[in-house]
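Welcome! Have a look at the sequence and the model below, and then we will walk through them topic by topic.

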Amino acid sequence: MADLSLSNVRKAFGALNVLHGIDLKIEDGEFVVFVGPSGCGKSTLLRAIAGLEDISGGDIRIGGEIVNHVPPAERQIAMVFQSYALYPHMDVYTNMAFGLKFAKIPKDEIDRRVRKAASILKLDAVLDRKPGALSGGQRQRVAIGRAIVRQPKAFLFDEPLSNLDAALRVNTRIEIAKLHRELGATMIYVTHDQVEAMTLADKIVVLNAGRIEQVGTPLDLYHAPANLFVAGFIGSPAMNLMEARVSAVADGNMKLSVGEQHISLPYSGAPVAPGATVTVGIRPEHWIPGDGPSVKIEGTVDLVEHLGETSIVYLRLADGQMITVRYPGDIFCTAGDRFVADAPAAAVHLFDAAGQAMLGRRSGPAYGILGQEFRAR
Amino acid sequence: MMAETAPQSNWVKRIEPWLLLAPMLIVLATVTAWPLARTAYLSFMHASLDDGDLPRFIGFGNYLALMKDGDWWHAVRNTAFFAVISVTLETLAGVAIALLIDSQIKGRGALRAVMLIPWAIPTVVSAQMWQWMLHDQYGVVNALLIKLGFISHGIAWTAGAGTAMAAIIAVDVWQTTPFMVLLILAGLQIIPRDLYEAAKVDGAPGWAQFFYITLPLLWPTLAVAILFRLLDAVRMFDLAYVLSSKSRETATISIYARQQLVDFQDVGYGSAVAMLVFLMISLVAAIYIQITKIRLISE
């Protein structure tokens, strides 16, 4: 087990820069998830840590040692590939034992480790089968088993669940979380699925276009996105982002106009000139009327979706902007109805023209809207 | 109405596949089955174009004579030697070149195109070309070797006892290695790249990646490629015929069969030779498929 640190890690393929100076510290035993849209560089970063890609600049340290030019096998990491990359002509046992053979580990020790991993992963009954004869979930577990037997300093997962069906994905996700708790190993996990990121991570690293947008706990990112990208990326359905113009800032209040509508927010941040363009962000699930100061936006119902546990209302504002409102339970309205969405002022996010968060927010129970709801009952 | 049409449509269903297969079956029957049956029939006859007699049945007479024919056994040995050595060399060279082209070296596109040229030339043409290049007085090979000081005077490569077979094998390797490269390359390219990455993480050195991953996964392709070449080599005729047609030292079983049939006009005996050539090729293929357990038809 070891901590891992990246400093100014850069990677270019020819003239194309895919990683622009990544700085990151990963503590021993931490579960870190790299998340971001396709092509954001998350897999490249993972492969660079694994040693499968040479980096163009910066340093990668594992357990304090610079490993920039150390071959993958000597970095003492294990990797689970998206396609599993099981050796198709070897049975499950041989697949798991393959790497240990080259590490000059005695045969009985190899046998002990493989059988132990097999029993953890419930693969005892299929040790003599070839990957082709296994189910998707079993193949996935063999890939994990092959990583476990190496007793690595860190586990690297490259979108390991993307080839599984929905039900199996949830199960395997839970298995991986349990495995992390049992082994206490450092794990780095790449995914584009924010549910996987939110449920598994101690720490999420949001990547976009080769840069880190934000690093934080899942709730940090949900409650206090540092910028527009993270605000839009974390949360489903995505946060409503409305263009607004600052009309006045006075007495700890900011007055804004969203189209023709006026809203007011408590504001004590840096001075803002009237006329500045900002973005107002409110999560669909936060349009819940509360007791304190609130923000009201009026629109016309475009569509209503009834999901049973929630209802989703799509509103069209007078200036054409769309906003999404998610209510717990059922809501009765139809397309064409006038609708006033109402959210507590404390749930509003504000981003400046450069997309950076303007309200210095911290996540925590004091902020959690639904948390408040639960306490109130 | 349904009851009336059902038997008819059943009959149509039964006959339809045969109708569709008919053209191919007729072609196969006329160009393969009939000549084969005719050859088999003639192989049990004494039939010569020399002596004007009508063919007469002599049972296994031709075969028994053949078993005692030193020239036949010599041709068998030549063929076996040629097949084993040339296919082995072509396989080794084919794997090596395919690995080279499959790696990320510069100019591999051009290399792939240039490499195919020897294979694209008709065998008789390339054999004649090599015949000239290997000529003892005017050949470029001898001229080069003399200039470099390896030899003092020209060697008759295609006529010499020890060198004729070597020359034939060399030309065959030159000509058909591209075919092997092409097939092996296709086999290499279907091996998923991430297996090699997994092997790298597993700490398998280069040789181990080749022997534990490349070779086992390439084997199905390689086995079929070797089978093709082996069958080609066992019935090889053109190269030896052009390069050293008269020589007993290089005569293959196909050349021997032609010699009996055409030069000596002994249709019965020649047919027996041809039947044995056919049986040997079948036997080689059958044994090979058994040993390698390759599947020619996917399930």
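Which domains does the domain assignment give for chain A? Chain A has domain 1 (4-230) and domain 2 (231-376), with bounds that come from an automatic or database domain assignment. Please keep in mind that this is a predicted model, where local features need pLDDT of at least 70 and side-chain atom pairs count only at pLDDT 80 or more, while totals for chains, interfaces and linings use all residues. Residues are numbered from 1 along each chain as its sequence is written, chains are lettered from A and ligands numbered from 1 in the order in which they are written.

**Chain A as a whole**
- Chain A holds nine helices and 19 strands; these are DSSP runs (helices: H or I, at least four residues; strands: E, at least two), numbered from the N terminus.
- Its C-alpha trace spans about 75 × 45 × 40 Å along the principal axes.
- Of its 377 residues, 39% count as buried, meaning that 20 or more other C-beta atoms, placed from the backbone, lie within 10 Å of a residue's own.

**Where the two domains of chain A meet**
- The centres of domain 1 and domain 2 of chain A, taken over C-alpha atoms, are 37 Å apart.
- Domain 1 of chain A brings 14 residues to the contact and domain 2 of chain A brings 18; two residues are in contact if their C-beta atoms, placed from the backbone, lie within 7 Å.
- On the domain 1 side, α7 (218-223) and α8 (228-233) of chain A each supply at least two residues, and α7(A) has the largest share, with five.
- That side has ten nonpolar, three polar and one charged residue. Here Ala, Val, Leu, Ile, Met, Phe, Trp, Tyr, Cys and Pro count as nonpolar, Asp, Glu, Lys and Arg as charged, and the others, Gly among them, as polar.

**The largest nonpolar core**
- A nonpolar core is a set of buried Ala, Val, Leu, Ile, Met, Phe, Trp, Tyr and Cys residues joined through C-beta atoms within 7 Å.
- The largest has 107 residues, and among those touching the most other members are A:Val33, A:Phe34 and A:Ala154.
- Helix α2 (residues 92-102) of chain A gives the most to this core, six residues.
- Both domains of chain A give residues to this core, so it lies between them.

**Where chain B meets chain A**
- 14 residues of chain B are in contact with 15 residues of chain A.
- α9 (193-201) and α10 (206-234) of chain B each give two or more residues to the chain B side, and α9(B) gives the most, with six.

Key
Buried ≥ 20, exposed ≤ 12 C-beta atoms within 10 Å, placed from the backbone.
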